[in-house]
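Please look over the chain below before reading on.

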Amino acid sequence: MISTSRKGWTKDASCISFGMYIAFVIGVFLWIIHGINIQDYNVISANSVTLVLASAILSYKIRYR
């Protein structure tokens, strides 16, 4: 179970390394390209969902530095 403080959710992303998340997003994107090349829809769909979620986190990291 995820608990929050009395203040609620924070937008603090200081514990996430910017360089690591850039590398992660690029790596997931390359896996999507690989999935397209081998025509494996499971690889494409799983990595597409991961890319959307990781991009959202990365956008928070950029926006709330």
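What follows is a short report on the predicted model.

## Overall make-up

This is a predicted model. The protein chain holds 2 helices and 0 strands. Of its 65 residues, 20% are buried.

Among contacts with a separation of 6 or more, 59% join residues 24 or more positions apart.

## Helix H2

Helix H2 covers residues 41–63, which is 23 residues. From its first C-alpha to its last it reaches 32 Å. That is close to the 33 Å expected at 1.5 Å a residue. Asp40 caps the N-terminal end of H2. One of its side-chain oxygens lies 3.1 Å from the backbone nitrogen of Asn42.

The buried residues of H2 are Val43, Ile44, Asn47, Leu51, Ala54, Leu58 and Lys61. An α-helix has 3.6 residues a turn, so residues three or four places apart point the same way. Helix H1, residues 18–38, is part of what covers the buried residues of H2.

## The nonpolar core

Which residues form the largest nonpolar core? There are 7: Tyr21, Val25, Val28, Ile32, Leu51, Ala54 and Leu58. H1 and H2 are the elements that give two or more residues to this core. H1 gives the most, with 4 residues.

Val25 is found in helix H1. Its relative accessible area is 13%, under the 20% cut-off, so Val25 is buried. Beyond its neighbours up to four places away in sequence, Val25 touches Leu51, Ala54, Ser55 and Leu58. Val25 and Val52 are 27 residues apart in sequence, yet their C-alpha atoms are 9.2 Å apart in space.

Tyr21 is another member of the core. Leaving aside neighbours within four places in sequence, Tyr21 is in contact with Ile16, Ala54, Ile57 and Leu58.

Is Asn47 buried or exposed? Asn47 has a relative accessible area of 15%, which is under 20%, so this residue counts as buried. Asn47 sits in helix H2.

A polar atom of the Asn47 side chain lies 2.9 Å from the backbone oxygen of Val43. Not counting residues up to four places away in sequence, Asn47 touches Val28, Trp31 and Ile32.

## The segment before H1

Ile16 is found in the segment before H1. Its relative accessible area is 23%. Buried means under 20% and exposed means over 50%, so Ile16 is partly exposed.

What does Ile16 touch, not counting residues up to four places away in sequence? The partners are Tyr21, Ile57 and Lys61. Ile16 and Ile57 are 41 residues apart in sequence. Their C-alpha atoms are 9.3 Å apart in space. Lys61, another partner of Ile16, is among the buried residues of H2.

## The loop between the helices

Gln39 is found in the loop between H1 and H2. Gln39 has a positive phi of about 55 degrees, although it is not a glycine. Its relative accessible area is 62%, over the 50% cut-off, so Gln39 is exposed. The next residue, Asp40, is the one that caps the N-terminal end of H2.

## Aromatic rings

How many aromatic pairs does the structure hold? It holds 1. A charged side chain also meets a ring: Arg63 lies over the face of Tyr60. The distance from the ring centre is 5.9 Å.

How values were computed. Residues are numbered from 1 along each chain as its sequence is written. This is a predicted model: local features need pLDDT of at least 70, side-chain atom pairs count only at pLDDT 80 or more; totals for chains, interfaces and linings use all residues. Side-chain values use heavy atoms; hydrogens and water are left out. The expected span of a helix is 1.5 Å times one less than its number of residues. Buried means under 20% relative accessible area, exposed over 50%, partly exposed in between (1.4 Å probe, protein chains only). Contact means heavy atoms within 4.5 Å. A polar contact is a pair of N or O atoms within 3.5 Å; within protein, one must be able to donate a hydrogen and the other to accept it, and residues adjacent in sequence count only if both atoms are side-chain atoms. A nonpolar core is a set of buried Ala, Val, Leu, Ile, Met, Phe, Trp, Tyr and Cys residues joined through side-chain atoms within 4.5 Å. Rings of Phe, Tyr and Trp (its six-membered ring) pair if their centres lie within 6.5 Å; planes under 30 degrees apart count as stacked, over 60 as edge-to-face and the rest as tilted. A charge sits over a ring if NZ of Lys or CZ of Arg is within 6 Å of the ring centre and within 35 degrees of the ring normal.
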